[in-house]
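Visitor: Could you take me through one part of this model closely, with the cut-offs behind each term spelled out as you go?

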Amino acid sequence: MGPVSCHYRPVSMDDKLSSVLGKQPSWWMVIMLGVAVVILFVPMIIFTVMANREACKDGLLAEQKCRNFTHLLESQLTQAQDVLLEMKIQAATCNQTVVTLTASLETEKAHSHKQQEVVQELQGEIEKLKQQLQDTTTELKQLRKKNEASEGGNGSTSSGNTINFLAIYVLLTLSLGALLA
């Protein structure tokens, strides 16, 4: 047998498409296709929203916790800074008090040293006055003995007593004046 040749006439694609769908797509097909798309997309959108809502709730909760913790940390930081400022003020006050007390102590030491010098001077004066009193008392005793020997017992002891009291009065006055000076 010999080769068989078949000749087909070329058909345009537009003709094929129009034969499958008809001449024009009808409106009810477009509407049905739209309804099918809506029916498929609505549950998918609802599912997506619900899944995202849980994630959003978790995210919002985490964000709120983070804000609360941040606020707590800021509050604690502010309190710590306030305490630090108070401590710095107290330290400055203490340092100023130390400086003042040190200066006062130095002044008191100098004053105490002067008082000790004055006390030593006064003790020296007292010793001198005691020595003068002893010398004067000895001199008075000698004068009294001379006076008694020269009077020979005339009995004029009242003038001797007067001199005795006068000398003691003068010496005591001088001693007190020196102590008060």
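Guide: Of the chain's 181 residues, 3% count as buried, where buried means under 20% relative accessible area, exposed means over 50%, and partly exposed lies in between, with a 1.4 Å probe and protein chains only as cover. This is a predicted model, in which local features need pLDDT of at least 70 and side-chain atom pairs count only at pLDDT 80 or more, while totals for chains, interfaces and linings use all residues. Residues are numbered from 1 along each chain as its sequence is written, and side-chain values use heavy atoms, with hydrogens and water left out.

The chain exposes about 16500 Å², of which carbon and sulfur atoms supply 66%; these areas come from the Shrake-Rupley method with a 1.4 Å probe. Its secondary structure comes to three helices and zero strands, helices being DSSP runs of H or I with at least four residues and strands runs of E with at least two, numbered from the N terminus.

Where pLDDT is low, the predicted coordinates should not be read in detail.

Val37 lies in helix H2 and counts as partly exposed because its relative accessibility is 35%. Together with Leu33, Phe41, Met44, Ile45 and Val49, Val37 makes a nonpolar surface patch of about 560 Å², a patch being built from residues with over 30% relative accessible area and no salt bridge, with nonpolar side chains (Val, Leu, Ile, Met, Phe, Trp, Tyr) joined within 5 Å and like charges within 9 Å.

Further along helix H2, Glu63 and Arg67 are four residues apart, so about one helical turn separates them. They form a salt bridge whose closest N and O atoms are 2.5 Å apart, the rule asking for a side-chain nitrogen of Lys or Arg within 4 Å of a carboxyl oxygen of Asp or Glu. A search of the whole structure finds one salt bridge, and Glu63 is partly exposed at 35%.

As for cysteines, Cys66 is partly exposed at 49% and Cys94 at 47%. The count of disulfides is zero, a disulfide being a pair of cysteine sulfur atoms within 2.5 Å.
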